[in-house]
Amino acid sequence: MFFHHFLKRFVKIGTLNLIDKCGKNHCYSATQTPKITIQLHSKSLERRLYHSPILALGEGYMEGHITIEKGDIYDFLAFCAVNLQKFNPPLVEKLTDQLSSLRRLLHEKNPIHKSHKNVAHHYDLSEDLYRLFLDKDMQYSCAYFKSLDDDLETAQENKKRHLAAKLQLKSGQKVLDIGSGWGGLAISLAREANIDVTGLTLSEEQHKVATERAKAAGLEDRVRFCLRDYREEMGTYDRIVSVGMFEHVGVKHYSEFFSQISSLLRADGIALLHSIGCSSGPTTPNSWLKKYIFPGGYAPALSETLSALEPSKLYVTDIEILHQHYAETLRHWRTRFLAHQNKVKEIWGEKFFRMWEFYLASCEIAFRKRGYMVFQMQMMRDPELAPLTRDYIWEEEENSCQW
């Protein structure tokens, strides 16, 4: 009863047809389009959807207890997102969200041993899975689309050149790549800019693959990958770059992260952070995503990021917001993943396929409709060394060769 009463209040745009466990159809209609039809195959799911909608929806779809009869899971999540924009939750729900945010801040600690475990949960899956949907360089982070006509390979090459331009690399420099992934960025930078790169990762699978790739490229003398937490790194570097790793640091460790970057960066150095962020301010992590995909993951608001950076000896010299770029990246990933669904089901099973389909679809919707974005933040210890304008970025990209 409470669940159906909620849906009557929730649907402000479009029409939702819900077929319950007994086969009875319930229609919630505000406008003619969009139209979605879903079926629930478990009576208890109604209660769970009312009390924990995000977690129950993801789990229900994974288990096959929710099927989309008209449209697909992306269409249904998009339907939910546009209605959520119009939905004004009762006071009790707002207070519950505030308490959840407070509990997160009180308990979110990420010591090194926990960080290793969190990373292994997601990134130590077989490289074969990631090769099914990533670009040929295996860039597992937001691409940079100069045009929506760019294919994924082009957009990921754009991203690497864009990062390199902001780093203002010079031959012979020492660069630290925190969260080096499958090694593509480090190898590209070393090869094209003639620099020495140390990559840090906590994923054994990524470490193995990246090391093999550096050797195959004949760059093992200038590119090395270490199974090491950023807090354990020592020495000094001319440049530091971190792409898609800050989301796993943990709010309580932001100040520690920036302090460590400051201590590792030379006085005339440049650091560049590329991270998912939330435009609407500090938020509560998605409960399903945190449980099944990214334990310990969190997309920070700029307010949280900048306030944590202020005590360090770093100065922000440039910030760029990429609004729709990750949504487009995820669209390409999701399309490629779905094209290989038979292979995924054969190797990893139906439940795994549905879990990852839900993951890619829900994240794309988050970037299109829910205020999530990517930011690139350039930092220096000596702000007087920063270029007067941003023109140098385009000049560097224009002069760079095609990777």
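Q: Which side chains meet K166 in a salt bridge, and what is the N to O distance?
A: Start with the idea. Side chains of opposite charge can pair when their charged atoms come close. A salt bridge here is a side-chain nitrogen of Lys or Arg within 4 Å of a carboxyl oxygen of Asp or Glu. In this structure K166 pairs with E320, N to O, at 2.6 Å. K166 sits in helix α8 (residues 152-167) and E320 in strand β10 (residues 315-322), so the bridge ties together parts 154 residues apart in sequence. Helices (H or I, at least four residues) and strands (E, at least two) are DSSP runs, numbered from the N terminus.

Q: What should I know about the source of the model?
A: This is a predicted model: local features need pLDDT of at least 70, side-chain atom pairs count only at pLDDT 80 or more, and totals for chains, interfaces and linings use all residues. Residues are numbered from 1 along each chain as its sequence is written, and side-chain values use heavy atoms, with hydrogens and water left out.

Q: Is K166 buried or exposed?
A: Read the relative accessible area. Buried means under 20%, exposed over 50%, and partly exposed in between (1.4 Å probe, protein chains only). K166 has 1% relative accessibility, so it counts as buried.

Q: Which residue forms a salt bridge with D238?
A: R266 does, with the closest N and O atoms 3.1 Å apart. D238 lies in strand β8 and R266 in strand β9 (residues 265-278), so this pair links parts 28 residues apart in sequence. D238 is buried, with a relative accessible area of 15%. R266 is partly exposed, at 38%.

Q: Where do E364 and R368 lie?
A: Both lie in helix α16 (residues 350-369), four residues apart, about one turn of the helix. E364 is buried, with a relative accessible area of 1%. R368 is partly exposed, at 25%. Shared partners extend the picture: salt bridges join E328, R331, R334, E364 and R368 into one network.

Q: How many salt bridges does the structure hold?
A: The structure holds 26.

Q: What is the nearest side chain of opposite charge to E247?
A: First the charge rule: Lys and Arg count as positive, Asp and Glu as negative, while His and the chain ends are not counted. For E247 the nearest such side chain is K159, 10 Å away. E247 is buried yet has no salt bridge.

Q: What does the side chain of E247 reach?
A: Look for a polar contact. That is a pair of N or O atoms within 3.5 Å; within protein, one must be able to donate a hydrogen and the other to accept it, and residues adjacent in sequence count only if both atoms are side-chain atoms. The E247 side chain reaches the backbone nitrogen of I276 at 2.9 Å. E247 belongs to the loop between β8 (237-243) and α11 (254-264). Contact means heavy atoms within 4.5 Å. Leaving aside neighbours within four places in sequence, E247 is in contact with S275, I276, G296, G297 and Y298.

Q: Which peptide bond is cis, with omega near -5 degrees?
A: Most residues other than glycine have a negative phi, and most peptide bonds are trans. Here the bond from T33 to P34 is cis. P34 is in the loop between β2 (25-29) and β3 (35-40).

Q: What is the phi of M138?
A: Phi of M138 is near 60 degrees, positive in a residue other than glycine. M138 lies in the loop between α7 (127-131) and α8, and is buried at 3%. N194 also has a positive phi, about 55 degrees, although it is not a glycine. N194 is found in the loop between α9 (184-193) and β6 (196-201). At 40%, N194 is partly exposed.

Q: What radius of gyration does the protein have?
A: The radius is taken over C-alpha atoms, and the globule rule is 2.2 Å times the number of residues to the power 0.38. For 403 residues a compact globule would be near 22 Å; the protein has 22 Å, which agrees. Of those 403 residues, 54% count as buried. The protein has 17 helices and 11 strands.
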